[in-house]
Amino acid sequence: MSGHSKWHNIQHRKGAQDAKRGKIFTKLIKEIVVAAKRGGGVIENNPSLRAVIDKALATNMKRDTIENAVKRGSGDLDGDNYEEVRYEGYGLGGTAIMVDCLTDNRNRTVADVRHAFSKHGGNLGTDGSVAYMFNKQGFISFSYGEEDAIMEVAIDAGAEDVIVNDDGSIDVVTTAEDFFAVKDALTDSGLKAAHSQITMEPANRVDLNLEDAEKFMKLIDRLEDLDDTHEVYHNAEISDEVMAQL
C-alpha cells in the first residue's frame, strides 16, 4: 500500500483512540472556537470553520453545541480564549514531529509537550526545525470505489493526484485551496468518501522497524492524549504488517 494509505490507517487509529478516551468533543469544540475567531462565524466565508464543523457533524455532535462554539469564537458568547501554537521536535530514528495545539495557557502546554517528548525518547526542537519537511495537502479517501469515476470527477475539479492502493482503497490528493471544490464535486456526483481532511504531508518518510515503531507510537499516543493537542503530524513510515502488531 502507498504511504498515503498508511497515513489513512494511522489517522483512523488516532480517531478511534480519541473517541475511546471521550476527548473528541472537547477537542472539536476548541477547534470550532478558534476557527470562528480566526475567520469569522459565517461558514460560507470560512473554509477552516466548515472543515471542523463537518468533522463535528460526523461524530454526531449536536448542532446546538456547534452553534454555541461558533458564537464563542465570534464573540457572541463568553468563553475561554484559545490560541493556536505549534511545537516541533524529533522522535526515534530522526523522525520529524509537529504538534498543533489549541491552548489557553502556553506555559502548561509547552511543559506537557516537552515532558511527552523526553519521556518517550524524543526531544523538542526549535520553531521551524522540522516544519520545512511538510506540505499542506488535502486528502479525500475512499475505502473502495470505481477508479475511473472517481478519477474523472476529481481531476476535472482540480485534484492533484488520484492514488489507487493495493487493497482497492483510493486516495484523492488536492491542494489546501482546492480541497472543498474537489470534495463537493465528488459528493455531488454521488461518490461518498470514507474520510477527508486537510493535513500536513511529509516530503520524505523514515522507515521504522517493529521495536522502534512501538516506542515511536507511544510518543505519538502520549502527544495525542494531551488535552491541548489538536493534531500531530509526523514522517514515520510504518508498514501495515508492523501496524497490525502495535
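This is a predicted model: local features need pLDDT of at least 70, side-chain atom pairs count only at pLDDT 80 or more; totals for chains, interfaces and linings use all residues.
Residues are numbered from 1 along each chain as its sequence is written, and side-chain values use heavy atoms, with hydrogens and water left out.

Helices and strands are DSSP runs numbered from the N terminus (helices: H or I, at least four residues; strands: E, at least two). Helix α2 (residues 24-39) packs against helix α3 (residues 47-58) at an angle of about 160°, and their axes are 8 Å apart; axes here are lines fitted to C-alpha atoms, for helices over the stretch in contact, and angles run from 0 to 180 degrees between N-to-C directions. The two helices α2 and α3 are therefore roughly antiparallel to each other, a term for angles over 145 degrees, while those under 35 count as roughly parallel, those from 65 to 115 as roughly perpendicular and the rest as oblique. The crossing of α2 and α3 is left-handed, that is, the near helix is turned anticlockwise from the far one by less than a right angle, with clockwise giving a right-handed crossing. On the α2 side the contact (heavy atoms within 4.5 Å) is made by L28, E31, I32, A35, A36 and R38, and on the α3 side by S48, L49, V52, K55 and A56. Seven of the residues in the contact of α2 with α3 are nonpolar, one is polar and three are charged, where Ala, Val, Leu, Ile, Met, Phe, Trp, Tyr, Cys and Pro count as nonpolar, Asp, Glu, Lys and Arg as charged, and the others, Gly among them, as polar.

The axes of α2 and helix α4 (residues 63-74) come within 7 Å and cross at roughly 40°, which makes α2 oblique to α4. This contact involves I29, I32, V33, A36 and K37 of α2, together with T65, I66, A69, V70, R72, G73 and S74 of α4.

A nonpolar core is a set of buried Ala, Val, Leu, Ile, Met, Phe, Trp, Tyr and Cys residues joined through side-chain atoms within 4.5 Å, and buried means under 20% relative accessible area, with exposed over 50% and partly exposed in between (1.4 Å probe, protein chains only). The largest such core has 22 residues, of which I97, V99, F216, L223 and I238 touch the most other members. At least two residues of this core come from each of β1 (83-90), β2 (96-103), α5 (106-119), α8 (210-225) and α9 (240-245), and α8 gives the largest share, six residues. Apart from this core lies another, of 16 residues, including V33, V34, A36 and V70.

The helices α5 and α8 pack at an angle of about 165°, with their axes 9 Å apart, and they are therefore roughly antiparallel to each other. Their contact is formed by V113, H115, A116, F117 and K119 of α5 and by L219, R222 and L223 of α8.

Two further residues deserve a note. N60, in the loop between α3 and α4, is exposed, with a relative accessible area of 64%. The phi of N60 is near 70°, a positive value in a residue other than glycine; most residues other than glycine have a negative phi. D188 lies in helix α7 (residues 179-188) and counts as exposed at 68% relative accessibility.
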